[in-house]
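Walk me through this model, helix by helix and then strand by strand. Start with the terms, then move to the packing.

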Amino acid sequence: MNYKSILSVAISFYLVQGVAMANNDIVALFKQGITESSKGNCKEAIPYFESALEIDQNINRIQIELAKCLYLTGDSKRAKEYFTKSLDYPNDIAVQQSILLFLQEISKKEPVVRWSASLVYDSNPTGSSDIDSININGIQYNVDSKPKASWGANLTHYTKNRPFKDSDYFVETIASTAYFDKHDNTQVSADINLGKEVMISPSSLMTVKGLYNKTYYQGDHLLDSTGINATIYHQLDGGNTGIYGLTIKDFDYTESRSAYSGTDKKFQFGINTQPKDGVSYFGEVSYATYSADRNSDSNKTRGLQFNASGDVVSALIGLSKVEYDGIDETYSVVRDDTKRKVEFTIKPKTQFINDLNLNIVLGYSETDSNIASYTSNKSYVYFKKPL
């Protein structure tokens, strides 16, 4: 972590005025603490701030300076307590955003372990059309009618921690297994991601991750991918956060009919609001390209997505345009698809045994293309428990 950059956040704190510290002892202790912290001697500054708060524990300015020094010396737990308490005071917007930025950093450093189990139902799991034949480049191909609905179960385990004592890197591990009744399509996948958060300015953070995934389908190797992801979070005026991202993945894909590799790139940017009145909003615009090792294989996607999340209900609306050109064994496939998606998540406030959370997801998707149109109704119920 670039501590010199973090220390620059203190500049915004010094702009806070109007705190009357009539007690001369408090003033003296506070000045000594500021003198040490401005030199980068946070260990020496902490006792001065703590002594000042023993005299009067309700001076917000001192709480913020103490929290900052505790964070920089590695005591994230106590720093979080003081930063959280400071949010209850009327702060200047720049100070408020800086506090939220520190809390965001602290939360990312805290170990996370959670698991979820879900029951899944999909009315059209393979995305087939309702017709019995399709016409591709003037050639008629017979296909099955709309497939039978599929149901299944999924179990996911997620962890995130920082195993390196002297290095500020995190490691994510995601393991999942799923079973669906359609053709016994058991799937097992695992991800290991090594990443780092970097403060690039007093109001901006960047997360960089190395991506790795291996997936098995009915016991056979299906997908192997490696890549990198970089996302910048930038605090904007009015409590908004700008989000800008780039993801590049290299795929090695194997299936029963063919094997190929390719590269996928995605650019995205969006705006995310701080929760207001219990509701947060997120809008995203993205552009993705995919190219395989066969020259005729390419895929371009342009998409819009909007999320609104409250205490009880979350809504997701997505619209994307997909252009696909590829070769599948003996014939060419040229597609120009428009995909629409609507999804609602219901989160009952009632918690079950030992903080077990219940979520109910209802979704509807529709695809229009020059080949066929099809719809799918998806629903699943899952339980999630943080450990």
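A crossing is left-handed if the near helix is turned anticlockwise from the far one by less than a right angle, and right-handed if clockwise. Helices (H or I, at least four residues) and strands (E, at least two) are DSSP runs, numbered from the N terminus.

This is a predicted model, in which local features need pLDDT of at least 70, side-chain atom pairs count only at pLDDT 80 or more, and totals for chains, interfaces and linings use all residues. Residues are numbered from 1 along each chain as its sequence is written, and side-chain values use heavy atoms, with hydrogens and water left out.

Take the whole chain before the parts. The protein chain holds seven helices and 16 strands. It has 387 residues, and 36% of them count as buried. Buried means under 20% relative accessible area, exposed over 50%, and partly exposed in between (1.4 Å probe, protein chains only). Contact means heavy atoms within 4.5 Å. Among contacts in the protein chain with a separation of 6 or more, 51% join residues 24 or more positions apart.

Now the helices. Two packed helices are described by the angle between their axes and the distance between the axes. Axes are lines fitted to C-alpha atoms, for helices over the stretch in contact, and angles run from 0 to 180 degrees between N-to-C directions. Angles under 35 degrees count as roughly parallel, over 145 as roughly antiparallel, 65 to 115 as roughly perpendicular and the rest as oblique.

Begin with H3 and H4. Their axes lie 8 Å apart, at an angle of about 160°. H3 is therefore roughly antiparallel to H4. The two cross in a left-handed sense. On the H3 side, the contact uses Asp25, Ile26, Leu29, Phe30, Gln32, Gly33, Ile34, Glu36 and Ser37. H4 supplies Cys42, Glu44, Ala45, Tyr48, Phe49, Ser51, Ala52 and Ile55. Sorted by class, the contact of H3 with H4 has ten nonpolar, four polar and three charged residues. Here Ala, Val, Leu, Ile, Met, Phe, Trp, Tyr, Cys and Pro count as nonpolar, Asp, Glu, Lys and Arg as charged, and the others, Gly among them, as polar.

Is Gly33 buried or exposed? Gly33 is buried, with a relative accessible area of 0%. Not counting residues up to four places away in sequence, Gly33 touches Ala45, Tyr48 and Phe49. Leu66 comes 33 residues away along the chain, and its C-alpha atom is 8.7 Å from that of Gly33.

Next, H4 and H5. The axes of H4 (residues 42–55) and H5 come within 9 Å and cross at roughly 150°. H4 and H5 are therefore roughly antiparallel to each other. This crossing is left-handed. Residues of H4 in the contact include Cys42, Ala45 and Phe49, and those of H5 include Ile62, Leu66 and Leu70. The contact of H4 with H5 has eleven nonpolar, one polar and two charged residues.

Then H5 and H6. The axes of H5 (residues 60–72) and H6 (residues 76–86) come within 8 Å and cross at roughly 155°. They are therefore roughly antiparallel to each other. H5 passes H6 in a left-handed crossing. Among the residues that meet are Gln63, Ala67 and Tyr71 in H5, with Ala79, Tyr82 and Phe83 in H6. The residues of the contact of H5 with H6 divide into eight nonpolar, four polar and three charged.

Turn to the strands. Asn193 belongs to strand S6 (residues 187–201). With a relative accessible area of 6%, Asn193 is buried. A polar atom of its side chain lies 3.5 Å from the backbone nitrogen of Tyr212. Leaving out residues up to four places away in sequence, Asn193 touches residues including Phe170, Glu172, Lys209 and Tyr212.

Strand S7 (residues 204–217) contains Thr215. Thr215 is buried, with a relative accessible area of 6%. Its side chain makes a polar contact (a pair of N or O atoms within 3.5 Å; within protein, one must be able to donate a hydrogen and the other to accept it, and residues adjacent in sequence count only if both atoms are side-chain atoms) with the side chain of Asn213, at 3.0 Å. Leaving aside neighbours within four places in sequence, Thr215 is in contact with residues including Gln187, Ser189, His221 and Leu223.

Leu205 is also placed in S7. Leu205 counts as buried, at 0% relative accessibility. Leu205 and Glu105 are 100 residues apart in sequence and 8.6 Å apart in space, C-alpha to C-alpha.
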